[in-house]
Amino acid sequence: MLPSEENPTPLVRLNRLNPHADFPLYAKLEWMNPFGSVKDRAAWALLRDLEERGELANGRGLVEPTSGNTGISLAAMARARGHRLLAVVPNKVPLEKKVLLKIAGADLEVISDELCPAPGLGDGSINLAKTHAKASAHKYAMPNQYENSKNVEAHYRTTGPEIWKQTEGKITHLFVSLGTCGTVTGTAKFLREKNPKIKIIAVQPTEGHDVPGLRNISQLGVSKLFDSSLVDDIIEVDFHLAYTRALDLCQNEGLLAGPSSGLILEGALEIVARDKSGFGVMIFPDNIFKYTSNMIKHIPGLGSGTQP
Ligand SMILES: Cc1ncc(COP(=O)(O)O)c(C=O)c1O
């Protein structure tokens with residue numbers, strides 16, 4: 001069952017990593033969605049829209065560029081409803097995610113680094129998916145999470161209302177990362193309508209990053225869903241910290257959060273130190289299970305002692 005105001009993903013308070021008593025920080029655990037990430041919300045909205053418009057009739061499948069999470073959600077949901085998904089995936093996506101995509105039932109097309117120079121998700125995979133959708137229109141419909149307003153709407157209808165209700169309207173700061181920007185735009189739009197004073201803080205990795213699912217400022221152009229009028233601050237964080245902060249969350253808070261959550265935490269702590277009082281909510285997109293190889297790369301000690 002997908003989350004809703006009545007059945008939201010959990011909101012939990014950080015106890016040990018935030019020293020500021022006047023600025024509690026809460027994490028919204030999006031890995032509690034049925035297929036393990038925040039992308040369940042967008043995937044469901046995209047899939048239902050295609051179905052309702054008759055785009056998936058006569059055995060027509062889906063094709064989508066994905067750094068993993070959207071593909072995993074879409075593949076699992078599509079399979080359950082009798083459709084196939086071709087996921088176009090950049091090679092730099094961790095092996096765990098590629099295998100999970102296959103387990104979820106996706107067909108994979110992995111493209112080389114040359115075709116996809118951006119580490120998270122490049123124009124290469126987006127263009128290739130578009131080419132498939134055009135050249136084989138009878139075979140594939142492309143939801144296009146980067147341009148489809150249903151992505152934003154999913155968060156406007158679910159993530160925003162859940163946070164408003166769970167915090168009883170007390171939220172002062174929202175901390176999010178940027179990929180397609182569906183999460184930030186949809187959630188911020190809803191929350192700002194409830195209280196225009198809520199600060200929306202986007203946290204991005206530094207250039208050259210290897211945090212799957214995320215974009216830094218130079219890569220943002222690809223997402224048509226980014227609305228700068230809804231964002232108060234964009235904080236850039238050294239991408240290595242995404243991994244060390246994720247480990248902090250695992251070992252100090254009992255939250256097995258993934259690297260994009262680690263990045264968001266680092267940005268949130270900077271703002272907490274700056275603004276001193278408030279009520280913060282961080283959207284934690286997924287957990288650490290898909291990133292063990294990336295973790296070893298950044299924190300080599302995690303790999304030692306794992307062989308006889
Ligand atoms: C791990 C992870 N974090 C954050 C995001 C960003 O979410 P959005 O695409 O809604 O901006 C994504 C999106 O794919 C993701 O996979």
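**View 1. Four strands, S5-S4-S3-S6, form an open sheet with parallel pairing.** Strands here are DSSP runs of E of at least two residues, and helices are runs of H or I of at least four, numbered from the N terminus. Two strands pair if DSSP finds at least two bridges between them. The edges are strand S5 (107-111) and strand S6 (140-141), each pairing on one side only. Strand S3 (residues 61-65) pairs with S6 in the parallel sense over 2 bridges. Leu62 stands opposite Ala141 in S6.

The model is predicted: local features need pLDDT of at least 70, side-chain atom pairs count only at pLDDT 80 or more, and totals for chains, interfaces and linings use all residues. Residues are numbered from 1 along each chain as its sequence is written.

**View 2. Helix H3 (residues 95-103) lies across strand S4 (85-90) and S5.** Contact means that C-beta atoms, placed from the backbone, lie within 7 Å. H3 runs at about 155 degrees to S5. Axes are lines fitted to C-alpha atoms, for helices over the stretch in contact, and angles run from 0 to 180 degrees between N-to-C directions.

**View 3. An open sheet of 6 strands has the order S1-S2-S10-S7-S8-S9.** Its pairing is mixed. Strand S1 (11-13) and strand S9 (233-237) are the edge strands, and each pairs on one side only. From one strand to the next, the twist averages 25 degrees. Strand S2 (residues 25-29) and strand S10 (residues 280-284) pair in the parallel sense over 5 bridges. Here Lys28 stands opposite Ile283 in S10.

**View 4. Helix H8 (residues 259-275) lies across S2, strand S7 (173-177), strand S8 (199-205), S9 and S10.** H8 runs at about 145 degrees to S7.

**View 5. The ligand is surrounded by 19 residues.** The closest are Gly179, Thr180, Thr183, Gly213 and Pro285. Helix H2 (69-80) and helix H6 (182-194) are the elements that give two or more residues to this shell. The shell divides into 5 nonpolar, 12 polar and 2 charged residues. Ala, Val, Leu, Ile, Met, Phe, Trp, Tyr, Cys and Pro count as nonpolar, Asp, Glu, Lys and Arg as charged, and the others, Gly among them, as polar.

Methods
Contact = placed C-beta atoms within 7 Å. Near = placed C-beta within 6 Å.
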